[in-house]
Amino acid sequence: MGQREEGEPAAVCHGDLHGSDGPRRFTIERTGTVDQLPKSHTCFNRLDLPPYPTLEQLDAKLTMAIEETIGFLQE
């Protein structure tokens, strides 16, 4: 693992994402229904995005998921 820049999150090292077992790719999965918010799986470097029909709906749902949620939601 390389040097971290000051203030840089521990999981990021010069643009590479690292899990407990080494480097991992960031992936975006198309899954779910359009009435759902996007979901992040930080342990797996994965973002689940439903198949929103417009960029405006994608923007609205991403904004809501980021700004209107608190903490971890258990399913």
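Modeller: A residue is called buried under 20% relative accessible area, exposed over 50%, and partly exposed in between, using a 1.4 Å probe and protein chains only. This is a predicted model, in which local features need pLDDT of at least 70, side-chain atom pairs count only at pLDDT 80 or more, and totals for chains, interfaces and linings use all residues.

Biologist: Is N45 buried or exposed?

Modeller: N45 lies in the loop between β5 and β6, where strands are DSSP runs (E, at least two residues), helices are runs of H or I with at least four, and both are numbered from the N terminus. Leaving aside residues up to four places away in sequence, N45 touches L17, R24, R25, F26 and T27, a contact being heavy atoms within 4.5 Å. Because its relative accessibility is 13%, and the cut-off is under 20%, N45 counts as buried.

Biologist: What share of the 75 residues in the chain is buried?

Modeller: The chain holds one helix and six strands, in the sequence pattern β-β-β-β-β-β-α. Of its 75 residues, the buried share is 16%.

Biologist: Which strands stand at the edges of the open sheet of three strands?

Modeller: The order in this sheet is β4-β6-β5, and the pairing is mixed, where two strands pair if DSSP finds at least two bridges between them. Each edge strand has a single partner, so one side of it is left without a neighbour in the sheet, and the strands concerned are β4 and β5.

Biologist: In β6, which residue is the bridge partner of H41?

Modeller: Strand β6 covers residues 46-49, and three bridges join it to β5, the two running antiparallel. For H41, the bridge partner in β6 is R46.

Biologist: What separation do the C-alpha atoms of V34 and Y52 have?

Modeller: V34 is found in the loop between β4 (27-30) and β5 (39-41), and with a relative accessible area of 36% V34 is partly exposed. Not counting residues up to four places away in sequence, V34 touches P50, P51, Y52, P53, Q57 and K61. Although V34 and Y52 are 18 residues apart along the chain, their C-alpha atoms are separated by 5.4 Å.

Biologist: Among contacts between residues at least 6 apart in sequence, what percentage joins residues at least 24 apart?

Modeller: The percentage is taken over the contacts in the chain between residues at least 6 apart in sequence. Among these, the part that joins residues at least 24 apart is 13%.

Definitions and conventions. Residues numbered from 1 in each chain as written. Heavy atoms only, no water.
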